Amino acid sequence: MTADRRSLRYPSDLIDAEDDAWKHADEAGLVDVIDGKTVLEDGYTIQPCRLDENGVAVAVPPAVE
């Protein structure tokens, strides 16, 4: 399975995906530590993707839902 066709099927995949999201956010300078807690700046959040009919993850911005 190629990286762009990878779907999240197991809980460990979700953990890996969230870890990757935090890593990329940190690399982009979007991570802050406030009162000892790691948070995203500017009210950003990490949300799980929905799966399309083929099981491929599709990101949907919260404002569109």
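These legends go with a set of close-up views of one predicted protein model.

A word on the ground rules first. This is a predicted model, so local features need pLDDT of at least 70, side-chain atom pairs count only at pLDDT 80 or more, and totals for chains, interfaces and linings use all residues. Residues are numbered from 1 along each chain as its sequence is written, and side-chain values use heavy atoms, with hydrogens and water left out.

**View 1. The whole chain, for orientation.**
The protein has 1 helix and 4 strands, and along the sequence they come in the order α-β-β-β-β. Helices (H or I, at least four residues) and strands (E, at least two) are DSSP runs, numbered from the N terminus. Of the 65 residues, 11% are buried; buried is under 20% relative accessible area, exposed is over 50%, and partly exposed is in between (1.4 Å probe, protein chains only). Among contacts (heavy atoms within 4.5 Å) with a separation of 6 or more, 19% join residues 24 or more positions apart.

**View 2. A negative patch that includes Asp16.**
Asp16, Glu18, Asp19 and Asp20 make up a negative surface patch. Patch members have over 30% relative accessible area and no salt bridge, with like charges joined within 9 Å and nonpolar side chains (Val, Leu, Ile, Met, Phe, Trp, Tyr) within 5 Å. A salt bridge here is a side-chain nitrogen of Lys or Arg within 4 Å of a carboxyl oxygen of Asp or Glu. Lys and Arg count as positive and Asp and Glu as negative, while His and the chain ends are not counted; each charge is placed at NZ of Lys, CZ of Arg, CG of Asp or CD of Glu. Asp16 sits in helix H1, residues 11-27, and is partly exposed at 38% relative accessible area.

**View 3. Ala21 on the helix.**
Ala21 is also in helix H1. Its relative accessible area is 26%, so Ala21 counts as partly exposed. Gln47 is 26 residues away along the chain, and the C-alpha atoms of Ala21 and Gln47 are 9.5 Å apart.

Leu30 lies in the loop between H1 and E1 and is partly exposed at 29%. Skip the residues up to four places away in sequence, and Leu30 touches Ala25, Val39, Leu40, Glu41 and Tyr44. Asp32 belongs to strand E1, residues 31-34, and is partly exposed with 33% relative accessibility.

**View 4. Two loop aspartates with positive phi.**
Most residues other than glycine have a negative phi. Asp35, in the loop between E1 and strand E2 (37-40), has phi near 50°. Asp35 is exposed at 81% relative accessibility. Asp42 has a positive phi too, about 55°, and lies in the loop between E2 and strand E3 (50-51). With a relative accessible area of 70%, Asp42 is exposed. From C-alpha to C-alpha, Asp42 is 8.1 Å from Leu30, 12 residues apart in sequence, and 9.8 Å from Asp32, 10 residues apart in sequence.

Definitions and conventions:
Accessible areas come from the Shrake-Rupley method with a 1.4 Å probe; for residues, only the protein chains shown count as cover.
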